[in-house]
Amino acid sequence: MAPPIAYSLIATDLDGTLLRGDDTLSDRTLHALARVAAAGAQHLVVTGRPAPRVRPLLDDLGSRGLAVCGQGAQLYDAGADRLLWSVTLDRELAETALGKIEAEVGQVYAAVDQDGVDGLTLIEPGYLMPHPTLPAVRVRRRDDLWCEPISKVLLRHPSLSDDELAATARSVVGSLATVTMSGPGTVELQPCGITKATGLALAAEHLGLGPRETIAFGDMPNDIPMFDWAARGVAMANAHPELKAVADEITLSNEDDGIAVVLERLFAGSLAHIVQ
């Protein structure tokens, strides 16, 4: 009889966690995920990236299942290439929130992720993409950002740090939106009450699983709700101090196969049974 597996659901962030800095996956990580799947566990991507920016990575992983995208605002079915669930950010509320933030810190530069499996990332003049490899369309003025329904707004400030911008945004936005910090140069506004945990819980329900069967991996403060929900949270060595403070474990960095190291240890008994 095969030994019980350590966790049935492996929830991983992408940038700074599963992916290396060049947006690739190491052979060791791919092998660990494949062997864990063979042991009966499921891998779930839980990312701030919108569904259209996740689709190529899911193809690389050979995943035809679910993915949580847009900081929890989208539940994407890769096999059917459709959104099973999505929540949009009211564009009038987004404009109001931006106005409140700029009243405190001066001009910020904004971008939006449009809703839908073919939604675009639009960036206003002055906004620099934190991930230059991700496609984006530059618009002529801010008003053009609101032409279609959006899942979130991305913000950058010319001089404030991400921590400073996020703290100020939280202090003035209130219930207009949820403020998250998901990576270097990435402070975001998303629908109020939506976090990675809400998307992860919905995906787990679809899979017939719950928190006790889940281990989560991340690197930024936007992963804190996911850690709070899952039975175990593992922060990368390169993680933000706020996430490390609430993690159950700290592994190696994303460049050093930190996820693979943990999975190889946790699933050693199951993997040994498979290869016998």
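**View 1. Ala235 and Ile250 are bridge partners, the latter in strand 14.** Strand 14 (residues 249–250) pairs with strand 13 in the parallel sense, over two bridges. Pairing requires at least two DSSP bridges between the strands. Strands are DSSP E runs of at least two residues, helices H or I runs of at least four, numbered from the N terminus. Strand 13, helix 8 (residues 241–246) and strand 14 form a right-handed β-α-β unit. Right-handed means a clockwise path from the first strand over the helix to the second, with the strands pointing away from the viewer.

This is a predicted model, in which local features need pLDDT of at least 70 and side-chain atom pairs pLDDT 80 or more, while totals for chains, interfaces and linings use all residues. Residues are numbered from 1 along each chain, and side-chain values use heavy atoms, without hydrogens or water.

**View 2. Strand 12 runs parallel to strand 13 (residues 232–235).** Four bridges join the two. Ile215 stands opposite Arg232 of strand 13.

**View 3. The largest nonpolar core has 28 residues.** Such a core joins buried Ala, Val, Leu, Ile, Met, Phe, Trp, Tyr and Cys through side-chain atoms within 4.5 Å; buried means under 20% relative accessible area (1.4 Å probe, protein chains only). Ile10, Leu14, Leu58, Tyr76, Ile215, Phe217 and Leu263 touch the most other members. Helix 3 (51–61) is among the contributing elements, and gives the largest share, four residues.

**View 4. Tyr76 touches residues including Arg55, Leu58, Asp81 and Val117.** Contact means heavy atoms within 4.5 Å.

How values were computed
Buried means under 20% relative accessible area, exposed over 50%, partly exposed in between (1.4 Å probe, protein chains only). Lists of a residue's contacts leave out its neighbours within four places in sequence.
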